[in-house]
Amino acid sequence: MPHCAYLIRFPKMAILIFVLAALWLLGRGNLTWGDEEPLPEILILNSYHQGEDWSDNELAGIVATLKERYPFLVPAVEHLDTKRFSKLEHLAFIRQYLQNKYRGKPFDLVFVLDNPALDLMTRSRQELFPGVPVVLAGINGYIPEMIRGQAQMAGVAEVQDMAGTLDLALTLHPKTKSVLVVHDYTASGLAVRRDMAAVADQFKNKVNIAYTPDGTVEELVGQLQSLPADALVLLLTYVTDNSGRSLTRTESTHLIVSASPVPVYAMHETRLGHGIVGGMLLEGEEHGRQAAGIALRILDNKGAAQYVVEDSRSRPVFDYSQLIRFNVDLNKLPENSTLINQPVSFFQQHRILLI
């Protein structure tokens, strides 16, 4: 009988424990049965294709940050694929596709990632998403005129720290006399060249700065291979040549580094670990998180939201193996530098055993 009584009481005890736990969680705000915050309707227009490292990381940062607030949120994502299809008729097709697909669909906020998506939005916003707040990210060559006349638009400009990276490179390689700036002739490539031209005057009395012409991959390789020993390469962006050949950032980095007999510096973390020495690097996921933070503030404040475009953030990161390859004095690195591929010492490997 005592065992039977225990079996009868146990379910009641379990139910009581469950109810008390639920009430405790409700008191902490972790359960919101009946009045949970509705999920916002969000669309992300990604200028490029899945597999493009920078925009994949950018997108991952956005989604991860949104899910911290809305765990069950699944935003709609459209890849515009403009790296591989860059002609104007493709954007016209995309505009019609979006108009047909989302006609009558109410969105609370739209992200536009990188320049082609922003161009599409500023030209066709009234036809596509009138009155919907827009958060931009990954915009090269940003100037306020790009969004002139556009209400409820904010975000993060992709500001590559070219001056900081070049100044750092010249400090680490004081005998440098010339710098070859590598970029392609896509919309993003031309935008970052304009940014570079704006800072080049700071270095005109220190080094000669030249830009790669609009050519094929093979022509770029030949130009790199002929560089003198007192040159440096500053890699802005290179994913498409003038024949239409498209490369991933990893492929283009390997190609450029393999062809160059001199150090290569860059501003994108996606190129780190593939042969560049380093630089003041932008990190795609951090960039996306910064943009998502702005979006959450807009969603929180609705009509009272502040719409501003912030600059992105960079930090000094280097590949130890490349620093050693080019005999860089490690004491000249900034104090807050991050190193990858640094060998682990014998003590670090066997620390516990030795202690």
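Predicted model: local features only at pLDDT ≥ 70, side-chain atom pairs only at ≥ 80, totals over all residues.

Biologist: Which strand joins β11, and in what sense do they run?

Modeller: Two strands pair if DSSP finds at least two bridges between them. Here β11 (residues 309-311) is joined by 3 bridges to β5, and these strands run parallel. On its other pairing, β5 is linked with β4 in the parallel sense over 4 bridges, where Val134 has Met153 in β5 as its bridge partner.

Biologist: Is β5 (residues 153-157) mostly covered or mostly open, and what is meant by buried?

Modeller: Buried means under 20% relative accessible area, exposed means over 50%, and partly exposed lies in between (1.4 Å probe, protein chains only). By that rule, 5 of the 5 residues of β5 are buried, and the strand is mostly covered. Across the protein of 355 residues, 46% count as buried.

Biologist: Which residues point each way from β3?

Modeller: Leu109, Phe111 and Leu113 point one way, Val110 and Val112 point the other way, and all are buried. In this strand (residues 109-113), 5 of 5 residues are buried.

Biologist: What kind of unit do β3, α4 and β4 make?

Modeller: A crossover is right-handed if, with the strands pointing away from the viewer, the path from the first strand over the helix to the second runs clockwise. β3, helix α4 (residues 115-128) and β4 make a right-handed β-α-β unit.

Biologist: Where do the buried residues of helix α7 lie around its axis?

Modeller: One compares the directions from the helix axis to the C-beta atoms; the arc is that of these directions. In α7 (residues 217-225), Val217, Leu220, Val221 and Leu224 are buried. They cover an arc of only 100° around the axis, which puts them on the same side of α7. The face turned away from that buried side carries the exposed residues Glu218 and Glu219. Among what covers the buried residues of α7 are β6, β8 and α8 (249-259).

Biologist: Which residues touch the most other members in the largest nonpolar core?

Modeller: A nonpolar core is a set of buried Ala, Val, Leu, Ile, Met, Phe, Trp, Tyr and Cys residues joined through side-chain atoms within 4.5 Å. The largest one has 28 residues, of which Val179, Met196, Ile209, Leu236, Tyr265 and Phe318 touch the most other members. The elements that give two or more residues to this core are α5 (162-172), β6 (178-183), α6 (187-200) and β8 (231-237). α5 gives the most, with 7 residues. A second, separate core of 23 residues includes Leu220, Leu227, Ala259 and Val262.

Biologist: Why does Ile209 count as buried, and which residues does Ile209 touch?

Modeller: Ile209 is found in strand β7 (residues 208-211), and Ile209 counts as buried because its relative accessibility is 18%. Contact means heavy atoms within 4.5 Å. Not counting residues up to four places away in sequence, Ile209 touches Leu166, Val179, Val181, Met196, Ala200 and Phe203.

Biologist: What share of the contacts with a separation of 6 or more joins residues 24 or more positions apart?

Modeller: Such residues account for 71% of those contacts in the protein.

Conventions
Residues numbered from 1 in each chain as written. Heavy atoms only, no water.
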